[in-house]
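Have a look at it first, then walk through the notes below.

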Amino acid sequence: MANRREFISTATLTAAGIALAPLAACSQEPAASAAAPAAAAPKPFKGPLLTRAVPSTGEKIPVIGMGTSGSFEVGTDAASRAPLREVLDTFVNAGGSLIDTAPTYSTAEDVLGDLIADAKARQKLFIATKLSRVSGREEGLAQFNDSLRRLKTDKVELLQVHNLGDTAAQIALARELKQQGKTRYVGLTHYREDGQAQLAAEMRQHKPDWVQINYSPVSRGAEKTIFPLARELGIAVMINRAFEDGRLISQMRDKPLPPWAAEVGADSWAQLILKYVLSPPEVTVVIPATSKSRHQLDNLKAGTGQLLDAKQRDALVAAMA
Ligand SMILES: NC(=O)c1ccc[n+]([C@@H]2O[C@H](COP(=O)([O-])OP(=O)(O)OC[C@H]3O[C@@H](n4cnc5c(N)ncnc54)[C@H](OP(=O)(O)O)[C@@H]3O)[C@@H](O)[C@H]2O)c1
């Protein structure tokens, strides 16, 4: 049974519009050795993952998703794929759902499609892919059909126009495919602070269901441009590059966690960063990319328990400045 503190935290999150995904059993963290000091033992994953609603439909999405750029670009080599099977299993077993990929992430769609099929996990997943570096309807359609083949599926959940390339033609195609039931949502993506003004203009023009943008404690532009607009227009927000492609974690690796980390149930810098990114209510999901199941588990833990309050957010920004 939940103790009073857990109950209060759950009730507060629910009141703030954050729901909880169904409880998923996940006990992949090795038990702490009797000789290890208690403070050094990482906490096991204790679900459920928090969820947030897609504004256009109310569909609940677990707040920790995953990316595939770099991490899943390993080709056909069985030894390189083996750790990614664990990354996927850890994600699915914890109740994770949304996976972001793109046809231009070299072999990522092929690897992801094969591993999902092997794990028989397709029905549990929300696959987001992209129309990427294509021009005109025919090129976009051919790429999308190839994505379906590579992903071993007949539809995706979200089709995004990548980095605002040929937006008018590609979002028109994505909407056509949505009408045909080939995607449930359409979206726009970018990944840099200097792309946010154009992204905001195109959000107003095209009113997609989803937008994907970069956000971290050291890249906070989205707070001023994208989040208020997403709230106004009812657009779901997916966050990429929360770790600044891993640089933020490397920067903090040897520094002790702040004393208040335990108050929010975090035992790593990765969890604090992800909790930071998830704190604005406009954010629907964050998609950290990893090639290691222990990092996947670490990231998933950030999607449980409390997020950060304003004071904790300020302290994290100051620690990483
Ligand atoms: N324009 C766009 O649409 C766009 C642009 C950029 C990214 N994206 C999407 O966003 C996803 C995420 O962005 P990203 O891949 O650029 O960078 P990221 O998620 O900020 O960082 C990934 C790096 O963090 C490391 N990492 C992950 N979890 C960790 C943990 N718990 N502890 C320590 N290190 C950890 C990974 O290394 P390990 O493998 O060692 O864990 C990897 O090097 C991409 O994969 C892609 O799907 C989209």
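Two residues are in contact if their C-beta atoms, placed from the backbone, lie within 7 Å. Helices (H or I, at least four residues) and strands (E, at least two) are DSSP runs, numbered from the N terminus. This is a predicted model, where local features need pLDDT of at least 70 and side-chain atom pairs count only at pLDDT 80 or more, while totals for chains, interfaces and linings use all residues. Residues are numbered from 1 along each chain as its sequence is written.

**The sheet**

- Strands of a sheet pair through backbone hydrogen bonds, either parallel or antiparallel.
- Here, seven strands make an open sheet with parallel pairing, in the order β4-β5-β6-β7-β8-β9-β10. (Two strands pair if DSSP finds at least two bridges between them.)
- At the edges sit β4 (98–100) and β10 (283–286), and each of them pairs on one side only.
- On average, neighbouring strands of this sheet are turned by 30° against each other, direction ignored. (Axes are lines fitted to C-alpha atoms, for helices over the stretch in contact, and angles run from 0 to 180 degrees between N-to-C directions.)
- Helix α10 (residues 269–278) packs on the sheet, where it touches β9 (236–240) and β10, and its direction makes about 155° with that of β10.

**Following the bridges**

- β7 (residues 183–189) and β8 (residues 210–214) run parallel and are joined by three bridges; Leu188 has Val211 in β8 as its bridge partner.
- β8 is joined to β9 by five bridges, again parallel, and Gln212 is partnered by Met238 in β9.
- Three parallel bridges link β9 and β10, with Val237 opposite Val283 in β10.
- How many of the five residues of β9 are buried? Five of five are, so to speak, tucked in. (Buried means that 20 or more other C-beta atoms lie within 10 Å of a residue's own, exposed means 12 or fewer, and partly exposed is in between, with C-beta atoms placed from the backbone.)
- Both faces of β9 are covered, with Ala236, Met238 and Asn240 on one side and Val237 and Ile239 on the other.

- Helix α6 (residues 196–206) has the buried residues Gln196, Leu199, Ala200, Glu202, Met203 and His206. They're on the same side of α6 because they cover an arc of only 170° around the axis. (The arc is that of the directions from the helix axis to the C-beta atoms.)
- Those buried residues of α6 pack against α5 (167–179), β7, β8, α7 (221–224) and α8 (226–233).
- Arg204 and Gln205 are exposed, on the face of α6 turned away from its buried side.
- In α8, the buried residues are Ile226, Phe227, Leu229 and Ala230. Down the axis of α8 they fall within an arc of 165°, so they line one face of the helix.
- The cover over the buried residues of α8 includes α6, β8, α7 and β9.

**A buried loop residue**

- Phe243 lies in the loop between β9 and α9 (247–252). Why does Phe243 count as buried? Because it has 24 C-beta neighbours inside 10 Å.
- Leaving out residues up to four places away in sequence, Phe243 touches Leu248, Ile249, Ala270, Ile273 and Pro288.
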